[in-house]
Amino acid sequence: MLLVGGGGGFVGRAVLAEFGPTWSIRSLHRAPSRDEVAPDLEWVPGDAAAVPDWRPLLHDVDLVLVLAWYRFGPERRFAPLADGLLRLVAAAEETGTPRFLQLSVPDATESLETGLPYLTHKRRVDRAIERSRLSYSIVRPTMLFGPRDKLLTVMLRTMHRYHRFVMFGDGGYHVSPISVRDLARILAREAALDVRHNVTAGGPTRWVYRELTDAMFAHLGRPPRYVHLSPRGGVRLARFLETVRSTLLYAYEVEWLVSDRLGLAPYEGLSTPLAPVEPFLVAEAARLRGARPAGGG
Ligand SMILES: NC(=O)c1ccc[n+]([C@@H]2O[C@H](COP(=O)([O-])OP(=O)(O)OC[C@H]3O[C@@H](n4cnc5c(N)ncnc54)[C@H](OP(=O)(O)O)[C@@H]3O)[C@@H](O)[C@H]2O)c1
């Protein structure tokens, strides 16, 4: 397998746990990672934006799995990476790579789809794969949870530390969190198919967002307390955080969340059920409650 984006990132770690025992993996990414361990793994140091010719890396490869992307940044960050991935798609087509998996994201609002470099360039890659002759799956999961995730874990930590949480609007929109381990199982299943399709992937439960955050407070043993902001106020807050270079929350994430497009239906086709989010929340909350709150408070 050629793993583009590496086994050290959040999804990559779960991918290695799932594929590592049975696959030979050639993993291309930029920086060494202590987390990237598998029995038969070769790290190829490199930036996917800068690989001029992917053909040598595709030699003997049965499956390409693309994870590389950035969570935030300007046009100049995404455009070269997308160009590099387009060269990969062309090379895989030329060399007859048997199977190609791209990790993508769910639909977003029209303004984000047409104006946000994170999405416009992701879609350029998605469309190129669809236009190719490759056997492919474009897998589009919603909010992921798992060890060291940047969403639910960060939300829990914020609630634990401040005993309050920001609520955008009435919180009546939906989310269906899916475990990163289940995403890796989905990728393994999709790798074994011979189809050309897009597939969305939600977790087992479609939560009203506000009910999920209430449950998170409950797991922390605290009453739910919210600082209410309008959705527009939430976007403004996130923009401010961006200007001070915080990675806590980005404006597009608020817009996407309140647009009610993240409550995807559960992925179907795995041999065992998708994991619910509650046991993860219970364990993370217990870990936080066992630890001294940051700042000694
Ligand atoms: N996290 C979520 O909730 C979520 C939800 C839906 C979809 N996704 C998708 O899942 C994928 C992985 O996300 P993640 O959360 O695992 O991100 P992550 O933890 O930031 O990992 C990203 C990985 O990509 C590598 N990478 C970044 N830029 C690269 C480049 N130019 N060339 C080569 N490798 C590069 C990084 O390794 P180096 O730094 O060593 O290069 C890192 O291992 C992304 O495509 C994302 O859009 C994530």
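**Leu67 and its surroundings**

Reply: Let us begin with Leu67, which, leaving aside residues up to four places away in sequence, touches Leu3, Val4, Gly5, Gly9, Val11, Gly12 and Leu103. The model is a predicted one, and Leu67 sits in the loop between β4 and α3 (75–95).

Me: What makes Leu67 count as buried?

Reply: The term applies when 20 or more other C-beta atoms lie within 10 Å of a residue's own. Leu67 has 21 C-beta neighbours inside 10 Å, and therefore counts as buried.

Me: What makes Leu67 and Gly9 a contact?

Reply: Two residues are in contact if their C-beta atoms, placed from the backbone, lie within 7 Å, and Gly9 is among the residues that Leu67 touches. For Ser271, 204 residues from Leu67 along the chain, what is given is a separation of 24 Å between the C-alpha atoms.

Me: Why is β2 described as largely enclosed by the rest of the structure?

Reply: Five of the five residues of β2 are buried, so the description follows from that count. Taken by face, Ile25, Ser27 and His29 lie on one side and Arg26 and Leu28 on the other, and all are buried, which leaves both faces of β2 covered.

Me: How do you know that β1 and β2 pair?

Reply: At least two bridges between two strands are needed for pairing, and β1 and β2 are joined in the parallel sense over three bridges, with Leu2 standing opposite Arg26 in β2. Strand β1 (residues 2–4) also pairs with strand β4 (residues 63–66), again in the parallel sense and over three bridges, and there Val4 stands opposite Val66.

Me: Why is one side of β3 and of β11 left without a neighbour in the sheet?

Reply: The open sheet has seven strands in the order β3-β2-β1-β4-β5-β6-β11, with parallel pairing. Because β3 (41–45) and β11 (196–201) stand at the edges, each has a single partner strand, and one side of each is left without a neighbour in the sheet. From one strand to the next, the twist averages 15°.

Terms used. Residues are numbered from 1 along each chain as its sequence is written. This is a predicted model: local features need pLDDT of at least 70, side-chain atom pairs count only at pLDDT 80 or more; totals for chains, interfaces and linings use all residues. Helices (H or I, at least four residues) and strands (E, at least two) are DSSP runs, numbered from the N terminus. Axes are lines fitted to C-alpha atoms, for helices over the stretch in contact, and angles run from 0 to 180 degrees between N-to-C directions. A residue is buried if 20 or more other C-beta atoms lie within 10 Å of its own, exposed if 12 or fewer, and partly exposed in between; C-beta atoms are placed from the backbone.
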